[in-house]
Amino acid sequence: MPRGLPAVHPTASSVDGAGVAPALDPADGDIYRLLFERHPAPMWAYDLATLRFLAVNEAAVLHYGYSRAEFLAMTIAAIRPDEDVPRLRAELVEPLDERSGPRLWRHRKKDGTVIDVLVSATTFELGGRHARLVLAQDVTEQRGARQRAWQAEKLEAVGSLAGGIAHDFNNVLTIVRACAQLLGQRVVDDESRREVAEIDLAVQRGTELTQRLLAFSRNQTLEPGTTDLNAAVAETVTLLDHVLGTNIELVADYDAELAPVRLTRTQVTQIVLNLALNSRDAMPHGGRVTLRTGRGVVEAPAPAEPVPCVLLEVADNGTGMDAEARRRAFEPFFTTKENGTGFGLATVQRIVAQSGGTVTLRSKPGRGTTFTMRLPVAD
Ligand SMILES: Nc1ncnc2c1ncn2[C@@H]1O[C@H](COP(=O)(O)OP(=O)(O)OP(=O)(O)O)[C@@H](O)[C@H]1O
Ligand SMILES: [Mg+2]
């Protein structure tokens, strides 16, 4: 036990001992206030009838960013993201089952950051009012790490599934192609020859598709390239002009002084195409897609200096995404489209992560969407 703190052992004084500090006196309100005040996790009490905060401890003030006075002027609904308030109201109607253990909630700090918290609560009477005492443990980090690990596992499973199918499918295509070639040697009339040539071409396209699937399952480590991002993006712009349609304006803004990135041209095309096609889908009545390249830094843990990186941004002024879509966007199979496969963003994330970079997204319903990629500089 650290020196300087009173012993909390309930029988310490009865054991007697000279030199043993006496147990806390439950009648000493100051000491018990300290235990609440100095508790390392955020704690508060609120009035069950008005939902107003009645008391908050120092950790709550530090962690949530509201001053004590601000807290005491708010209700507990104010630290919830708007979309969670209905669940809060619904649960408050139910009596609290204290045996069910801590519950997972999302809280909003003063600066707008949303955190995941495990909330333990107990109901009691305080000065004639029904109140609840709450202890909130921030588990955002742990949940984030677990989710990333789970995501990586899922992607790996999808990768090996895709690889297995691609492999077998390739065998089928080899047979089709061989038969088409044999047939081609036997047919004499021009029309049949043309048709056989069509079969051959279709098989070639099928083979290309299986190569892409195989590359996906092999982690794309095939050709770790170094590429001039601007040139690769410019190449894709030409492609995009054909697929975006006339009511979508395409703007490209290049930073001329870029270092090369650790991607191949094909990968850059794949990233930009996937993102721009999503933008097109999000703008059924037209709009603007902006491609931007630039220079940035990645913060490194102190004392290391921030590391320079190359930025690639794809932004649109389309429908935007709600909280659920933002959270799940990169999940394989997650799609809100009738004919979507839900692989576009998973692929983007995979390619970028393999080059050592990161993708983040900013989006709000009605406010458009921006994807930002931070790409490491190639040696
Ligand atoms: N620019 C955007 N604006 C709005 N929503 C988007 C945008 N980009 C992605 N989304 C949302 O994220 C989901 C996942 O996108 P993703 O590209 O992975 O799959 P998809 O477009 O649905 O299918 P596909 O595999 O054909 O690309 C989309 O269904 C959509 O809900
Ligand atoms: Mg897509």
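Trainee: How much space lies in the second largest pocket?

Mentor: Rolling a probe the size of a water molecule over the atoms shows where empty space is left. In this predicted model, the second largest pocket holds about 1,200 Å³ of space.

Trainee: Which residues lie nearest its centre?

Mentor: Thr341, Gly342, Phe343, Gly344 and Leu345 lie nearest the centre, out of 40 residues that line the second largest pocket. Two or more lining residues come from each of H5, helix H6 (190-217), H8, H10 and strand E10 (369-376). H8 supplies the largest share, eight residues. By class, this lining divides into 18 nonpolar, 16 polar and six charged residues.

Trainee: How do helices H8 and H10 pack?

Mentor: Two packed helices are described by the angle between their axes and the distance between the axes. Here helix H8 (residues 265-281) and helix H10 (residues 344-354) pack at an angle of about 150°, and their axes are 9 Å apart. The crossing of H8 past H10 is left-handed. On the H8 side, the contact is made by Gln267, Gln270, Ile271, Asn274, Leu275 and Asn278. On the H10 side, Gly344, Leu345, Thr347, Val348, Ile351 and Val352 make the contact. These residues divide into six nonpolar, six polar and no charged.

Trainee: What about the largest pocket: how much space lies there, and which residues are closest to its centre?

Mentor: About 1,700 Å³ of space lies in the largest pocket. Its lining has 43 residues, and Gln147, Arg326, Arg327, Arg328 and Phe330 are the closest to the centre. The elements that give two or more residues to this lining are E3, E4, helix H5 (140-186), helix H9 (323-328), H10 and strand E9 (358-363). H5 gives the most, with 12 residues. The lining has 14 nonpolar, 14 polar and 15 charged residues.

Trainee: In what order do the strands of the open sheet lie, and is the pairing parallel or antiparallel?

Mentor: Strands of a sheet pair through backbone hydrogen bonds, either parallel or antiparallel. In this case five strands form an open sheet in the order E2-E1-E5-E4-E3, with antiparallel pairing. Strand E2 (53-56) and strand E3 (103-108) are the edge strands, each pairing on one side only. From one strand to the next, the twist averages 35°. Strand E4 (residues 114-126) and strand E5 (residues 129-138) are joined by 10 bridges; Ser120 has Leu135 of E5 as its bridge partner.

Trainee: Which helices pack on the sheet?

Mentor: Helix H1 (residues 29-37) touches strand E1 (43-47), E2 and E5, and its direction makes about 90° with that of E2. Helix H4 (residues 85-93) touches E1, E3 and E5, and the direction of H4 makes about 135° with that of E3.

Terms used: Residues are numbered from 1 along each chain as its sequence is written. Chains are lettered from A and ligands numbered from 1 in the order in which they are written. This is a predicted model: local features need pLDDT of at least 70, side-chain atom pairs count only at pLDDT 80 or more; totals for chains, interfaces and linings use all residues. Side-chain values use heavy atoms; hydrogens and water are left out. Axes are lines fitted to C-alpha atoms, for helices over the stretch in contact, and angles run from 0 to 180 degrees between N-to-C directions. Helices (H or I, at least four residues) and strands (E, at least two) are DSSP runs, numbered from the N terminus. A crossing is left-handed if the near helix is turned anticlockwise from the far one by less than a right angle, and right-handed if clockwise. Contact means heavy atoms within 4.5 Å. Ala, Val, Leu, Ile, Met, Phe, Trp, Tyr, Cys and Pro count as nonpolar, Asp, Glu, Lys and Arg as charged, and the others, Gly among them, as polar. Two strands pair if DSSP finds at least two bridges between them. On a 1 Å grid over the protein atoms alone, a cavity is a set of points where a 1.4 Å probe fits but cannot get out, and a pocket is an open set with protein on both sides within 12 Å along at least five of seven lines; lining residues have an atom within 4 Å of a point. Grid points are joined across faces, edges and corners, and a volume is the space filled by probe spheres set on the points.
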